[in-house]
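Hi everyone, thanks for coming. Please have a look at the structure first.

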Amino acid sequence: MSETRSDRPSGPLRPWRGLIEEYREFLPVTDATPVVTLHEGGTPLLFAPRLSERVGAEVFLKLEGANPTGSFKDRGMTVAISKAAEEGAQAVVCASTGNTSASAAAYAARAGMACAVLIPEGHIALGKLAQALVHGARVLQVRGNFDVALEIVRDLPNRAPVVVVNSINPHRIAGQMTGAFEIVDVLGDAPDVHCIPVGNAGNITAYWRGYLEYKAAGHSTRLPRMMGFQAEGAAPIVNGAPVESPETIATAIRIGNPASWFGATAAASESGGGIHAVSDEEILSAYRFLASEESVFCEAASAASVAGLIKLGVPESSRVVCVLTGHGLKDPDLAISQLTVPPAVDAEMGAVLAALGL
Ligand SMILES: *Cc1c(COP(=O)(O)O)cnc(C)c1O
């Protein structure tokens, strides 16, 4: 018999045992499911004072970079890999812009399964590639973009005994609903507005379902407006047609034909929100603002949520949550390209004082 959340010891050091144990009653698991967890979830919801002042609202940042492999992908992966283990799977496979492969590799290693990942050649951030390799995945760089890689992966189970752990796997979406549960648990109710980057559109689909299910279970009284943001060069939902060659510096949302397209448009229309585009310049400006003003170093794709909030604005004093989907250290090349690395100085006081202008 599993305990409910209220049965557990409470207090400042209550152990967090991963999101399956925390939200078991909302997830597709039973006592027969072997839980494969790295204690993901339970990420900070950080108040953002300078951003709040800038947009005239009360803004919180959901820091998904604090998950075990540095992105929200761990939320869905703990459920997908646990279910694959329950089914006796020996191998999992995914197509990935990077973070899914990092997460799949880590959880598969924990479960003792083989993992293969297909990534678009030359368009994956270095930190993510390093993670997939270091956790022991078979990494295939394919000559094509994410959408092409996903098409191949979708068909693989017809040819070989593998389980697909992309977000077309419904267990991924189920696990990702827990982000919404945590927000409601911390704020006491749903926010007015929920801002989120949109790539393959699994996450916006999952958050909306999460808000709906948590309200239906009596944990909240209202629902947020769902605001999804794509990068201008990879904005199929905004344009209303797939993008053949998506382009953006935000590689995690460089997707031309989202698998959960309908989930995103449904979340937007049912909630009275919308899906909009932000330019790479707007994304980078939000990325730098978050790092220098809020001390949060997130991925470029993550900053699309804040870029969208700044661009569109919200009614005064709204309570807003922006999901920052991944950690900035995933893509050190991008960070460095935004800055000038200073030259070395002599190791003596005079040179240091002079260089500091003191
Ligand atoms: C996967 C990912 C996204 C996009 O999420 P979707 O569910 O594909 O819309 C955004 N940001 C980061 C950092 C990601 O890893």
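Let's begin with an open sheet of 6 strands, in the order E1-E2-E10-E7-E8-E9, where the pairing is mixed. Strand E1 (45-47) and strand E9 (274-278) are its edge strands, and each of them pairs on one side only. On average, neighbouring strands here are turned by 25 degrees against each other, direction ignored.

A word on terms and on where this comes from. This is a predicted model, in which local features need pLDDT of at least 70 and side-chain atom pairs count only at pLDDT 80 or more, while totals for chains, interfaces and linings use all residues. Residues are numbered from 1 along each chain as its sequence is written, and side-chain values use heavy atoms, with hydrogens and water left out. Helices (H or I, at least four residues) and strands (E, at least two) are DSSP runs, numbered from the N terminus. Two strands pair if DSSP finds at least two bridges between them.

Back to the sheet. E1 and strand E2 (residues 58-63) are antiparallel, paired over 3 bridges, and Leu-46 stands opposite Leu-61 in E2. Helix H13 (residues 300-312) packs on this sheet, where H13 touches E2, strand E7 (193-197), strand E8 (225-231), E9 and strand E10 (319-324). The direction of H13 makes about 150 degrees with that of E10. Contact here means heavy atoms within 4.5 Å, and angles run from 0 to 180 degrees between N-to-C directions, with axes fitted to C-alpha atoms, for helices over the stretch in contact.

E7 and E8 pair in the parallel sense, over 5 bridges, and Cys-195 stands opposite Met-227 in E8. Is E8 buried or exposed? Of its 7 residues, 6 are buried, so E8 is largely enclosed by the rest of the structure. Buried means under 20% relative accessible area, exposed over 50%, and partly exposed in between (1.4 Å probe, protein chains only).

Now for the inside. A nonpolar core is a set of buried Ala, Val, Leu, Ile, Met, Phe, Trp, Tyr and Cys residues joined through side-chain atoms within 4.5 Å. The largest one has 37 residues, and Leu-51, Leu-61, Leu-309 and Val-320 touch the most other members. Which element gives the most to this core? That is H13, with 7 residues. Leaving aside neighbours within four places in sequence, the contacts of Val-320 include Val-59, Cys-195 and Leu-309.

There is also an open sheet of 4 strands, ordered E5-E4-E3-E6, with parallel pairing. Strand E5 (138-142) and strand E6 (163-164) stand at its edges with a single partner strand each, so one side of each has no neighbour in the sheet. Strand E3 (residues 91-95) is joined to E6 by 2 bridges, and Val-92 has Val-163 as its bridge partner in E6. Helix H4 (residues 99-111) packs on this sheet and touches E3 and strand E4 (114-120), its direction making about 175 degrees with that of E4. Helix H6 (residues 146-155) packs on the sheet too, touching E3, E4, E5 and E6.

Finally, let's step back. The chain has 15 helices and 10 strands, and 55% of its 358 residues count as buried. Among contacts between residues at least 6 apart in sequence, 69% join residues at least 24 apart.
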